[in-house]
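Hi everyone, thanks for coming. Let me put the structure up on the screen, and then we can walk through it together.

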Amino acid sequence: MSPSPDKGSSPGHRVLVVDDEPTLRLGFAYALTGRTTVVETAASGPLALERLADSSYDIMFLDLRMPEMDGLGVIERLRARGDEIPIVLCSAALSPNAAVRAIRHRVVHFLLKPVRPADLRQVMASVLDPAIDPLPKALEAARKGDRENAIRLLELEASKCRYAACWHRVLKAIQEMRPDDDLAGLEERVRSNLVLLAFNSAA
C-alpha cells in the first residue's frame, strides 16, 4: 500500500506542500513522501500560515499563483514573523518582479511547472543536505542571507556553469542596488536571466 501524503510512519524530514490545485498537491506529496520524509499539504496561503504557526517543517514547496493569498504574500508574512523555513517557489511562469521579491526574502530555489518527480526530490535533497560543491553552498549562503559569500562562491563557478553565472549576475545586481535606484532597472537585468534561475533549468 502506498504511503499517505498526510501521514508517515518514520518522520525524519517534515515537508509542507502548498498548492490550490488538488491534483498537484497529491502528485507533489506522493513524489516527496518516503521512509524518512513526512509530507503534509495545505490548499491555500492562509492555511499554510496556520500550519506553520502550529508545527515546524524542514522545507516548504509553495505555489506562486493562488487565489486569496499568493506565494509571495505567504513568504512576506513568514519572514515578517521571523520564520526562515527554506522555501521552493513553484510556478508555470516567473516574473522579474516576483523573482526579485522572493530573492530579497531569501528564497533562492525555484521550480518551473510542469515539474518531474525527480526534480522535486533533487531540489529537496539540495536544500536539506547541500553538497560541498560551491554552487549548492552558494545558494545555501544566499538562503541564509549571506549574499556576499554567495556571490564570492558563484564567481568561482561562473565560467564553468551557466546556472552559476546566472545566479552570480542576479545576486550581484541585487547586492549593488542602492535605495534610490529604479526597481524597474533591476527587474530588467533579472528578466534576461529569469528562465535559468529555476532549479529544473540547470540540467
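Let's start at Phe 110. Leaving aside residues up to four places away in sequence, Phe 110 touches Leu 89, Leu 94, Ala 99, Ala 102, Ile 103, Trp 167, Leu 197, Ala 198, Phe 199 and Asn 200, where contact means heavy atoms within 4.5 Å.

A word on what you're looking at: this is a predicted model, in which local features need pLDDT of at least 70 and side-chain atom pairs count only at pLDDT 80 or more, while totals for chains, interfaces and linings use all residues. Residues are numbered from 1 along each chain as its sequence is written, and side-chain values use heavy atoms, with hydrogens and water left out.

The pLDDT, the predictor's confidence in each residue from 0 to 100, averages 88 over the protein, and 94% of the residues score at least 70. Please be careful with residues 1–10, where pLDDT stays under 50.

Back to Phe 110. Which residues touch the most other members of the largest nonpolar core? Phe 110 is among them, along with Met 60, Phe 61, Leu 62, Leu 111, Trp 167 and Leu 197, in a core of 70 residues. Helix α8 (residues 162–176) gives the most to this core, eight residues. Here a nonpolar core is a set of buried Ala, Val, Leu, Ile, Met, Phe, Trp, Tyr and Cys residues joined through side-chain atoms within 4.5 Å, and buried means under 20% relative accessible area with a 1.4 Å probe, protein chains only. Helices are DSSP runs of H or I, at least four residues, numbered from the N terminus.

The largest pocket has a volume of about 200 Å³. Of its 12 lining residues, Ser 126, Leu 135, Pro 136, Tyr 163 and Phe 199 are the closest to its centre. Phe 199 is also one of the residues that Phe 110 touches. Helix α6 (residues 134–143) supplies the largest share of the lining, three residues. A pocket, on a 1 Å grid over the protein atoms alone, is an open set of points with protein on both sides within 12 Å along at least five of seven lines, whereas a cavity is a set where a 1.4 Å probe fits but cannot get out; lining residues have an atom within 4 Å of a point. Grid points are joined across faces, edges and corners, and a volume is the space filled by probe spheres set on the points.

Definitions and conventions:
Buried means under 20% relative accessible area, exposed over 50%, partly exposed in between (1.4 Å probe, protein chains only). Helices (H or I, at least four residues) and strands (E, at least two) are DSSP runs, numbered from the N terminus.
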